[in-house]
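Hi,

Here is the structure I said I would pass on to you. Have a look at it first, and then read on for my notes.

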There are 4 protein chains.
Amino acid sequence: MGLESYRRSVSESKRASILSAGREIFMKHGYSRAAVSDIARDADVSTATLYKHFTSKEELFITVVREACSDIGNEFADIDDGASARAVMREAARRYLTVQFGNNVNALLRIVIAEVPTTPQVAIDTYEIIVMRRRKQLVSMIDRLVERNLLKPHDTGRGVDFIGGMIKEAFIWPALFDASVTLPDNADEIINEAIEIYFCRYGV
Amino acid sequence: MGLESYRRSVSESKRASILSAGREIFMKHGYSRAAVSDIARDADVSTATLYKHFTSKEELFITVVREACSDIGNEFADIDDGASARAVMREAARRYLTVQFGNNVNALLRIVIAEVPTTPQVAIDTYEIIVMRRRKQLVSMIDRLVERNLLKPHDTGRGVDFIGGMIKEAFIWPALFDASVTLPDNADEIINEAIEIYFCRYGV
Amino acid sequence: MGLESYRRSVSESKRASILSAGREIFMKHGYSRAAVSDIARDADVSTATLYKHFTSKEELFITVVREACSDIGNEFADIDDGASARAVMREAARRYLTVQFGNNVNALLRIVIAEVPTTPQVAIDTYEIIVMRRRKQLVSMIDRLVERNLLKPHDTGRGVDFIGGMIKEAFIWPALFDASVTLPDNADEIINEAIEIYFCRYGV
Amino acid sequence: MGLESYRRSVSESKRASILSAGREIFMKHGYSRAAVSDIARDADVSTATLYKHFTSKEELFITVVREACSDIGNEFADIDDGASARAVMREAARRYLTVQFGNNVNALLRIVIAEVPTTPQVAIDTYEIIVMRRRKQLVSMIDRLVERNLLKPHDTGRGVDFIGGMIKEAFIWPALFDASVTLPDNADEIINEAIEIYFCRYGV
DNA sequence: CATGAATGAGTATTCATTCAT
DNA sequence: AATGAATGAATACTCATTCAT
């Protein structure tokens with residue numbers, strides 16, 4: 001029993017180090033140019049062991065992406081929903097960007113997008129997590145603002161798309177094309193203006 | 001002389017067919033998985049001929065991207081700038097999306113983004129064309145609406161980013177992750193609402 | 001442990017067969033026309049395995065040359081240094097030629113010389129082994145003859161060059177230009193005359 | 001007639017410039033790595049024209065070698081044969097080395113040697129010119145010294161081989177393995193000592 | 001369970017030679 | 001006669017995956 005659990009924990013730790021090495025290598029070189037043998041080396045396991053844990057490079061990649069995305073969507077969980085509407089939305093935007101840039105999600109997005117022609121499902125799944133899961137959280141957040149009569153009743157799903165689009169255009173889109181792009185200094189200013197636009201239309 | 005011009009025309013036509021085949025293959029398989037030999041075969045030339053025209057796979061790819069982008073930015077040229085502000089903006093949005101989906105620019109964007117880690121300059125250049133060149137056209141378009149007193153004076157550059165972001169979020173972003181995505185039926189509806197939001201804030 | 005040593009022995013044997021096949025192919029076709037894939041085939045390994053053992057064609061070639069030269073310089077070790085001066089020198093000349101023709105060193109020299117413009121260091125290194133290492137042995141051999149008062153004191157380094165040159169001119173030089181040249185029947189006669197010349201000048 | 005001779009002269013000049021370019025490129029890169037198209041470019045002709053003059057790369061190479069060797073053997077023609085034996089031999093050695101190093105014959109020799117496995121006849125022919133033709137001249141030169149009773153009667157052919165070997169060992173052999181080797185400063189000293197050795201044995 | 005050696009199926013690129021004009 | 005575009009065959013090297021121990 002003890003032996004078995006020891007083995008399992010060793011195995012788990014190997015799996016984790018493979019995933020970590022995989023994440024690093026995939027981010028650095030993209031999918032095609034990432035070499036499985038490099039990942040195995042960096043994870044201090046043999047390629048055979050790697051293949052015991054993941055049946056193919058593709059599966060490894062998918063798992064890396066999933067793990068990397070696992071936190072996404074929870075970043076809005078504990079936002080103070082008693083605050084002013086503007087404060088709630090500002091906080092949401094900040095957390096969104098913090099996760100996106102802090103976890104280097106952009107680098108992963110790039111690779112996922114790159115693999116659309118060859119493994120379309122990965123990209124679709126990732127979109128589901130990266131965009132739709134967050135969207136759901138944000139929609140219910142906005143819905144609560146409507147309930148509190150801080151916003152007019154409106155199509156809040158579409159509303160989230162609109163304000164999300166404004167934020168993405170300013171911060172994510174440039175970062176997608178240039179790995180060296182970081183959050184600009186005037187981020188708050190842009191966020192605030194986007195929120196004002198939103199309130200112009202949907203504020204009470 | 002006749003010989004020379006004959007040769008040039010043959011050569012031009014080969015070059016064109018290489019570019020066309022390259023475009024197709026790159027779009028279908030992405031950069032890394034596209035085989036130069038496949039491109040040559042589809043273009044009905046030998047690989048050696050291909051290499052006479054383009055010194056490397058990378059150069060071929062860059063040229064494909066450039067040609068595909070050559071029209072971009074001109075799509076707004078002849079918009080009737082005497083029309084109503086809403087009409088002008090609606091027309092611009094439509095043309096933007098028509099070019100984007102009609103020329104399958106999204107597929108190229110995917111590949112360009114994929115190559116950010118290995119050939120960053122290509123992505124940066126492409127961003128310049130795809131985003132900045134259009135942005136400039138759109139900004140001067142909006143500026144004219146301001147001049148005509150149809151919009152309040154405002155930071156029109158940032159304005160273009162905002163409305164562009166709203167449009168992209170709804171149409172381009174999903175298409176980036178899923179090659180089968182097309183323009184939805186309710187496109188006009190979304191476009192109109194985005195424009196209304198814009199007018200709420202910046203309309204007279 | 002058993003596994004490891006088994007693996008090592010398999011690996012060693014593959015390495016050896018690659019070197020042997022490489023030597024044969026290089027000798028038959030020269031460096032440029034030797035195909036790595038042919039070497040792999042003859043060695044009964046895949047090209048990938050070959051590249052596990054040697055990182056490039058060049059490295060394989062260098063190793064082939066080194067192995068082929070590994071004996072060189074030792075051929076004079078156990079010459080009876082109590083014999084007459086003429087006998088000692090005759091024996092040295094014979095052994096020199098035996099190694100040179102027996103191991104087909106001439107064929108390797110050809111290839112090394114061929115690669116002077118592209119990989120100069122290989123040739124310089126090989127010269128060091130083929131010429132200088134032997135020279136050192138021979139010089140100390142002659143020095144002992146001087147010590148024994150069988151030869152007058154003289155610049156023995158230059159002396160070795162002179163007698164070596166006479167031998168090479170007669171046997172090696174023609175073999176360098178014609179792969180079918182072998183040791184002629186009257187070799188001894190020529191060797192003896194060269195030695196006589198030497199004694200005329202440097203004998204007591 | 002005038003037209004025809006004009007054409008012939010143009011053709012001759014093209015041929016000459018191909019040979020000259022070929023010589024340069026072959027010397028710089030060796031045979032295998034020399035590109036026919038580069039030679040054509042440097043000679044300012046099309047590849048097709050090149051192939052009108054020479055049916056193959058090999059034939060071009062052979063011709064280059066032949067032309068480069070055409071002067072060889074004549075360098076001893078006008079040596080003052082009334083001078084002292086030592087002076088005659090010293091002068092011959094000097095001229096030999098001047099031609100060898102001045103015309104960069106060593107570089108050509110390298111390539112010829114390199115091609116022994118693939119085109120053996122070229123090397124054999126070249127050996128005939130480089131070694132045997134000169135040998136004949138030198139033998140008759142030595143014979144005259146014997147006639148003049150400045151040297152004892154002896155096998156002058158073998159004698160030339162011996163003294164030639166001593167010279168080659170000191171100067172040519174190192175240059176063969178290292179393109180940067182030039183004639184050393186103490187060349188005369190070595191030449192003189194070789195000649196002394198010769199006189200020890202064959203002088204009157 | 002873990003290994004690392006082995007592989008087969010690719011891939012980009014080059015070059016001597018030919019051929020239509 | 002001269003051209004230069006075109007080619008087919010070749011070649012060094014890579015990598016995801018498997019398998020004997």
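**Chain A on its own**

Chain A has nine helices and zero strands. Keep in mind as you read that this is a predicted model. Followed along the sequence, chain A reads α-α-α-α-α-α-α-α-α. Its C-alpha trace spans about 60 × 45 × 30 Å along the principal axes. As for burial, 38% of the 204 residues of chain A count as buried. If you take the contacts in chain A with a separation of 6 or more, 63% of them are between residues 24 or more positions apart.

**Two domains in chain A**

Chain A is divided into domain 1, covering 2-68, and domain 2, covering 71-202. The C-alpha centres of these two domains of chain A lie 30 Å apart. Where they touch, domain 1 of chain A contributes eight residues and domain 2 of chain A contributes 11 residues. Which elements give two or more residues to the domain 1 side of that contact? They are helix H1 (2-33) and helix H4 (57-69) of chain A. By class, this side of domain 1 of chain A has six nonpolar residues, one polar and one charged.

**How chain A meets chain B**

In this pair, 35 residues of chain A are in contact with 36 residues of chain B. On the chain A side, the elements that give two or more residues are H1, helix H6 (105-114), helix H7 (120-147), helix H8 (156-177) and helix H9 (187-202). H8(A) gives the most, with 11 residues. Sorted by class, the side of chain A that touches chain B divides into 17 nonpolar, seven polar and 11 charged residues.

A rotation of 178 degrees, with 0.0 Å of shift along its axis, superposes chain A on chain B with an RMSD of 0.4 Å. Both copies use the same surface, as 100% of the contact residues of chain A recur in chain B.

**How chain D meets chain C**

Now for the other pair. Here 35 residues of chain D are in contact with 36 residues of chain C. Helix H1 (2-33), helix H6 (105-114), helix H7 (120-147), helix H8 (156-177) and helix H9 (187-202) of chain D each supply at least two residues of the side that touches chain C. Which helix gives the most to this side of chain D? That is H8(D), with 11 residues. The residues on the side of chain D that touches chain C divide into 17 nonpolar, seven polar and 11 charged.

Chain D can be laid on chain C with an RMSD of 0.3 Å by a turn of 179 degrees and a shift of 0.0 Å along the axis. This is the relation of a two-fold axis. The same surface serves both copies here, with 100% of the contact residues of chain D recurring in chain C.

**Pairs without contact**

No contact joins chain A and chain C, and their closest C-alpha atoms lie 13 Å apart. Chain A and chain D are not joined by any contact either, and in their case the closest C-alpha atoms lie 31 Å apart.

**Around the DNA**

There are 38 residues around DNA strand E, and those that come nearest are A:Ala48, B:Ala48, C:Ala48, C:Thr49 and D:Ala48. The surface near DNA strand E has 17 nonpolar, 14 polar and seven charged residues.

What about DNA strand F, and how many residues surround it? The number is 36, and the closest are A:Ala48, B:Ala48, B:Thr49, C:Ala48 and D:Ala48. By class, the surface near DNA strand F has 16 nonpolar, 14 polar and six charged residues.

**One residue in chain B**

Finally, a single position. B:Gly82 is found in the loop between helix H4 (57-69) and helix H5 (85-102) of chain B. Is B:Gly82 buried or exposed? B:Gly82 counts as exposed because it has 9 C-beta neighbours inside 10 Å, and the cut-off for exposed is 12 or fewer. B:Gly82 and B:Leu145 are 63 residues apart along the chain, and their C-alpha atoms are separated by 9.1 Å.

Best wishes

Terms used: Residues are numbered from 1 along each chain as its sequence is written. Chains are lettered from A and ligands numbered from 1 in the order in which they are written. This is a predicted model: local features need pLDDT of at least 70, side-chain atom pairs count only at pLDDT 80 or more; totals for chains, interfaces and linings use all residues. A residue is near a molecule or strand if its C-beta atom, placed from the backbone, lies within 6 Å of it. Ala, Val, Leu, Ile, Met, Phe, Trp, Tyr, Cys and Pro count as nonpolar, Asp, Glu, Lys and Arg as charged, and the others, Gly among them, as polar. Two residues are in contact if their C-beta atoms, placed from the backbone, lie within 7 Å. Copies are superposed by least squares on the C-alpha atoms of residues with pLDDT of at least 70 in both. Domain bounds come from an automatic or database domain assignment. Helices (H or I, at least four residues) and strands (E, at least two) are DSSP runs, numbered from the N terminus. A residue is buried if 20 or more other C-beta atoms lie within 10 Å of its own, exposed if 12 or fewer, and partly exposed in between; C-beta atoms are placed from the backbone.
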